[in-house]
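Dear colleague,

I am passing on to you the structure we discussed, together with a short account of what was found in it. Please have the sequence and the model open while you read.

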Amino acid sequence: MSTPVWITATPPATHGELHIGHLAGPYVAADVLTRYLRAEGEAVRFTTGTADHASSVEVRALRHNRKPEEVAEGYRAAITADWLRSGVEFDHIVRPRRDKGYGRWVQDLFSRLYAQGVIAPRTRLLPYCEPCDRWLYGAHATGSCPHCGADSDGGMCHECARPNDGGDLVSARCAVCDTPAVARRCRRLYVPLEPFRDTLAEYWATAGLPPRLAALCESLVEDGLPDIAVGHPAEWGLPVPVDGFPEHRIDGCFEAAAMHLFGYDTKGPLPRRAIHFCGFGHAFCHAVLLPVLLLAQDIKLPQDFNVNESYVIEEGVQEGNVWALDLLTEYGSDTLRRHVLQARPLGRRTVFRRERLAAARRELDENWNSWLARLFSSVREECGGRAPQALPGGTGWEILERRLHRGVDDLREAYGPDAFDPRRAVAVLDEMVRSVADFGHVNAHERCRPSTSCRHLPALAAQLAVASALSAWARPVMPEGADRLAAALHVEAGRPVDWHALTGPLPGTRLAPPSGPVFGF
């Protein structure tokens, strides 16, 4: 078997549950591409992890008088359950506090980079909270980004995706007690990026960078590549394995980048291609720090990036109405997946509106499920519930078949990694369903013609062929309903997205339609 395509999605911090914005970002989209490639017979390695050692986990624990390990473990379990219920299937989810050998692996990588001079000590200003007697790094510090002025944590601005060193955070305050911070000199470990200027520039020139990410990388080069702190004086996280820094912990961004490498295992055969899915606010870790870790080990890997913007929760919507678990329970995975793909914030922010989620459900009910219900009912009434003894045909079948073949070409392009556009895939699927539904309505009148018996059966066979194809064509977007449809028709699930799928069940096959809707509920 050929070396796999490596697909990654940003490891979420385990300081809270997933909400619909997370699903609209990297996770469902990455799963769509993974499912498509696997159906094509491609070897794929789909990985992520949970950022249990993120500073935000400790901040939440301090605010609620809990232990950070309790916070991390509880939300890690909730997040992985939400992935499972939404149909996002990873090959490996790195669990930092559970995976055997993980901590030692990350520390060994850190030690090797320090020995190579990739990591070096620097003394810089860092915010400090005197009432809490705590150094403020990462989520412990709040203030304004020194680059764009947006509200920012220490370390990374999620608005412009540029790093700050904590000490240059404007009007820094303690995230726990809200006391203005004082700046103190602190000796920490850094990765100076300037020595990687030429290799990073060459890497970015050949990588598939979307325009906003390319603009970020070029501006970093133009302004002078910064030194990135990879360790902090702290109590939570993996201990820094370097003498002279006994109370320091490895930075969460460094660990997230290393986590990807641990999840793939770079000691084995390298993937022929890596495709990273992330929000723009996390792009620095994927597009800058991860390549540095690879380049420092003389690993050159073709990489592409699918970067989403923020999916904003509209003003007035309570947080309890956007949690992934609640929406999955209310709408099901099919409805939620197709909605977040339609609303995916690509190139610009989009806003969550519940009425659009309800519209996604109506589309499935009024078009997809109503057509399938009519089809199964007709087969039951006209053929005793068995696939008819007829070849696909009917008035307009040749035209519909040509349209479907063109639609499959569009689908393959929209699903494929080079022009990945799941929103386009949803639109094409909807058009296919509307077209075959119209075909069914037109040909239903054949039963009323007294001159010729069984004239309507080819149209039923044609619709069953389209239904069979949709169980393959729609599976990357809505795997739950697609597999339910495949089971009803007794056809293989997970077939390639191609025109060969346009083959109905064998004549005489007894169909087993579900008692409820096929897609969603």
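Helix α14 (residues 479-489) holds both Glu480 and Arg484, which lie four residues apart, about one turn of the helix. Please note that this is a predicted model.

Glu480 is partly exposed, with a relative accessible area of 35%. Arg484 also counts as partly exposed, at 25% relative accessibility.

The structure holds 28 salt bridges in total. One of them joins Asp31 to Arg337, with 2.8 Å between the closest N and O atoms. Asp31 belongs to helix α1 (residues 20-39) and Arg337 to helix α9 (residues 324-342), so this pair ties together parts that are 306 residues apart in sequence. Both Asp31 and Arg337 are buried. The pair also belongs to a network of salt bridges that links Asp31, Arg35, Glu89 and Arg337.

A further salt bridge brings together the side chains of Arg434 and Glu363, at 3.1 Å from N to O. Because Arg434 lies in helix α12 (residues 422-444) and Glu363 in helix α10 (residues 354-383), the contact ties together parts that are 71 residues apart in sequence.

At 31% relative accessibility, Ala359 counts as partly exposed. The C-alpha atom of Ala359 is separated by 27 Å from that of Phe277, a residue 82 positions away along the chain.

The four-stranded sheet

Four strands make up an open sheet in the order β5-β4-β9-β10, and their pairing is antiparallel. The edges are taken by β5 (134-135) and β10 (227-229); each has a single partner strand, so one side of each is left without a neighbour in the sheet. In general, the strands of a sheet pair through backbone hydrogen bonds, and the pairing may be parallel or antiparallel. Here, β9 (residues 182-192) pairs with β10 in the antiparallel sense over three bridges. Opposite Ile228 in β10 stands Val191.

The second largest pocket

The second largest pocket has a volume of about 250 Å³. Its lining consists of 13 residues, and those nearest the centre of the pocket are Tyr203, Thr206, Leu295, Lys300 and Leu301. Which helices supply at least two residues each to this lining? They are α5 (197-206) and α8 (283-295). Of the elements involved, α5 gives the most, with four residues. By type, the lining residues of this pocket divide into eight nonpolar, three polar and two charged.

- the buried pair Asp31 and Arg337, together with Arg35 and Glu89 in the salt-bridge network;
- Val191 and Ile228, which stand opposite each other;
- Tyr203 and Leu295, among the residues nearest the centre of the second largest pocket.

With kind regards

Key
Residues numbered from 1 in each chain as written. Predicted model: local features only at pLDDT ≥ 70, side-chain atom pairs only at ≥ 80, totals over all residues. Heavy atoms only, no water. 1 Å grid on protein atoms, 1.4 Å probe; cavity = no way out; pocket = protein on both sides within 12 Å on 5 of 7 lines; lining within 4 Å. Points joined across faces, edges and corners; volume = space filled by probe spheres on them. Nonpolar A, V, L, I, M, F, W, Y, C, P; charged D, E, K, R; others polar. Pairing = 2+ DSSP bridges. Salt bridge = Lys/Arg side-chain N within 4 Å of Asp/Glu carboxyl O. Buried < 20%, exposed > 50% of the residue type's maximum accessible area, 1.4 Å probe, protein only.
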